[in-house]
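Visitor: I would like to learn how to read a protein model, one feature at a time. Where do we start?

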Amino acid sequence: ALSQRSLYQSMRNLTVGVFQIMATRIRTLPETLYVEARNFLDRRADIMNRFSALKERRIATKIIRCHGDYHLGQVLHTGKDFIIIDFEGEPSRTLGERRAKRCPLTDVASMIRSFSYAAHSALSSHAALRKEDVPVLEPWIEIWHKYVTALFLESYIDTTAGAPFLPKSGGDLKILLEAFLLEKAIYELGYELNN
């Protein structure tokens, strides 16, 4: 319960900080992003409520040392296998934060966000792509992202079945994964606002 409360509080603190940054920088954003930024700011209560699910019931899992900066850029294909590199964690976090044990679903959420980033990055940076083709291709990007995410999650859950670091209940797994995905998206938004 204490670990869940701490997790909730850290997600809440991150979100409050990003909301503050967004509120101070909203006037400097391009007009095309202003409406989306305003919608984000208006959803503060909804976002906080999503995190509140973490403290509503006890979720029985073990916490472990995780990669901490797991994304496609940390996975190399040798031709026959995959190698995961750079286990030092997220460079912007303190050494203490990087060494802290946590739920491995944080790494799962990071990889899922990485799939989305890779797909959208390919769409936005392809030199031969015409601007009018983007709206036609975006639904295909979403289908690919959902398929790859489902395949990754299914493989992860099958491979780790029975491990003490995942909740036994599918409902608890969903609560944790959704919270970590939301946290990762908010972290990325804060990163983009600061850079």
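Guide: Start with arginine 44, which counts as partly exposed at 36% relative accessibility. Keep in mind that this is a predicted model.

Visitor: Where does arginine 44 lie?

Guide: Arginine 44 lies in helix H3, which covers residues 44-52.

Visitor: Which residues form a nonpolar patch on the surface?

Guide: The residues are Val136, Leu137, Trp140 and Ile143, and together they have about 420 Å² of accessible area. Take tryptophan 140, which lies in helix H6, residues 134-159. Tryptophan 140 counts as exposed because its relative accessible area is 59%, and exposed means over 50%.

Visitor: What do nonpolar side chains tend to do in general?

Guide: In soluble globular proteins they tend to be buried together. In this model, the largest nonpolar core has 38 residues, and Phe51, Leu105 and Val108 touch the most other members. The elements that each give two or more residues to this core are helices H1 (2-25), H2 (31-42), H3, H5 (105-125), H6 and H7 (170-194). H7 gives the most, with nine residues.

Visitor: Now a loop. Is proline 104 buried or exposed?

Guide: Buried means under 20% relative accessible area. Proline 104 has 5%, so it is buried. This residue lies in the loop between helix H4 (95-99) and H5. Distance along the sequence is a separate matter from distance in space. Proline 104 and arginine 65 are 39 residues apart in sequence, and their C-alpha atoms are 7.8 Å apart in space.

Visitor: How many salt bridges does the count come to?

Guide: The rule asks for a side-chain nitrogen of Lys or Arg within 4 Å of a carboxyl oxygen of Asp or Glu. The count comes to eight salt bridges. In one of them, the side chains of arginine 38 and aspartate 42 meet at 3.5 Å, N to O. The two residues are about one helical turn apart because they are four residues apart in helix H2. Arginine 38 is partly exposed at 33% relative accessibility, and aspartate 42 is exposed at 54%.

Visitor: Which residue forms a salt bridge with aspartate 46?

Guide: Arginine 43 does, with the closest N and O atoms 3.4 Å apart. Aspartate 46 is partly exposed, with a relative accessible area of 40%, and arginine 43 is partly exposed at 45%.

Visitor: Which residues are linked in a network of salt bridges?

Guide: Arg50, Lys174 and Glu178 are linked in this way.

Key. Residues numbered from 1 in each chain as written. Predicted model: local features only at pLDDT ≥ 70, side-chain atom pairs only at ≥ 80, totals over all residues. Heavy atoms only, no water. Patch = residues over 30% accessible without salt bridge, like charges linked within 9 Å, V, L, I, M, F, W, Y side chains within 5 Å. Areas by Shrake-Rupley, 256 points an atom, 1.4 Å probe, with all protein chains shown as cover. Buried < 20%, exposed > 50% of the residue type's maximum accessible area, 1.4 Å probe, protein only. Core = buried A, V, L, I, M, F, W, Y, C linked by side-chain atoms within 4.5 Å.
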